[in-house]
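Subject: Structure handover

Hello,

Here is the structure I said I would pass on. Please look it over before you set anything up with it.

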Amino acid sequence: MELKDISLSHDQKTMHLDHVSTTIKRGKVTTIIGPNGCGKSTLLSVMSRNNTPSTGTAQLAQKDLMNYKPKEFAKKLAIVYQQNEIPKELTVEKLVAYGRIPHNQMFKKDAKKDEAAIQWALESTKLIDKSTKSLEALSGGERQRVWIALALAQQTEILCLDEPTTYLDIYYQLELLELVKRLNEEHGLTIVMVLHDINQAIRYSDHIILMQSGKIIAEGAPEEVITEQLIKTVYGVKVLFKNDEPSAGLYIVPIGI
């Protein structure tokens, strides 16, 4: 996916995105980070066609995003939001089955292919034993995995996750991010996600986009983007860099504002 000179403003006064250009690399995990209100989720919403840019172009496979038919685009890209509202009595398997809608035609349905896709999505997210349970009976972390399973059932090339760890405790945050890593490494999914935690972004990303005030300030490999000066400039925070635990890799420790 390629974005060129994207700007987005709803009221001609507030600029949500200001001349943003970037390329999402196939088969990589790209994470968008930055302070609250910097345009992270807005940028993701342009990629997923939920917002139309005021200026610039957004293309997938050299085709303008808005030129895709809805079902055609839904076979290319799936998105999971941080908050999702559905009837809690719906079972896990029935919800995940909705991911097959883009592949179904009015008078033509491949039941075997649909069932295989649903089972793969449930297995990939370790939800087979929860398939007959209602969402009401699940924990917050399990519910988030269900939404990811729904997206996987779409069998898309790109998976977008908008702040997927929000409202989850640390155990479920790490469980979800390990799932993201596994989906990328084992199935080659291109993943774009918005995160707040800089250390999680460092650990689970191939490519980081750092934003401030609707602009991309820096992007590249984690060790290129996460520098003492950039964190101080963008977040107003002083940090120490640590690399003293082999299994943890590089991480930062905030020490003051």
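Predicted model: local features only at pLDDT ≥ 70, side-chain atom pairs only at ≥ 80, totals over all residues.

Six strands make up an open sheet with mixed pairing, and their order is β6-β7-β8-β3-β9-β10. At its edges are β6 (77-80) and β10 (215-220), each of which pairs on one side only. Between neighbouring strands of this sheet the turn is 15 degrees on average, with direction ignored.

β3, residues 29-33, and β8, residues 190-194, are joined by 4 bridges in the parallel sense. In this pairing T31 is opposite M193 of β8.

Helices on the sheet. Two helices lie across strands of the sheet. Helix α6 (residues 170-187) lies across β3, β7 (158-162) and β8, and its angle to β8 is about 155 degrees. Helix α9 (residues 228-235) lies across β3, β9 (207-212) and β10. The angle between α9 and β9 is about 35 degrees.

α1 spans residues 40-47 and is mostly covered, with 6 of its 8 residues buried. The buried residues in α1 are K40, L43, L44, S45, V46 and M47; here buried stands for under 20% relative accessible area. Just after α1 comes R49, whose phi is positive, at about 70 degrees.

Regards

Notes
Residues numbered from 1 in each chain as written. Heavy atoms only, no water. Buried < 20%, exposed > 50% of the residue type's maximum accessible area, 1.4 Å probe, protein only. Pairing = 2+ DSSP bridges. Axes fitted to C-alpha atoms, helices over the stretch in contact; angles between N-to-C directions. Contact = heavy atoms within 4.5 Å.
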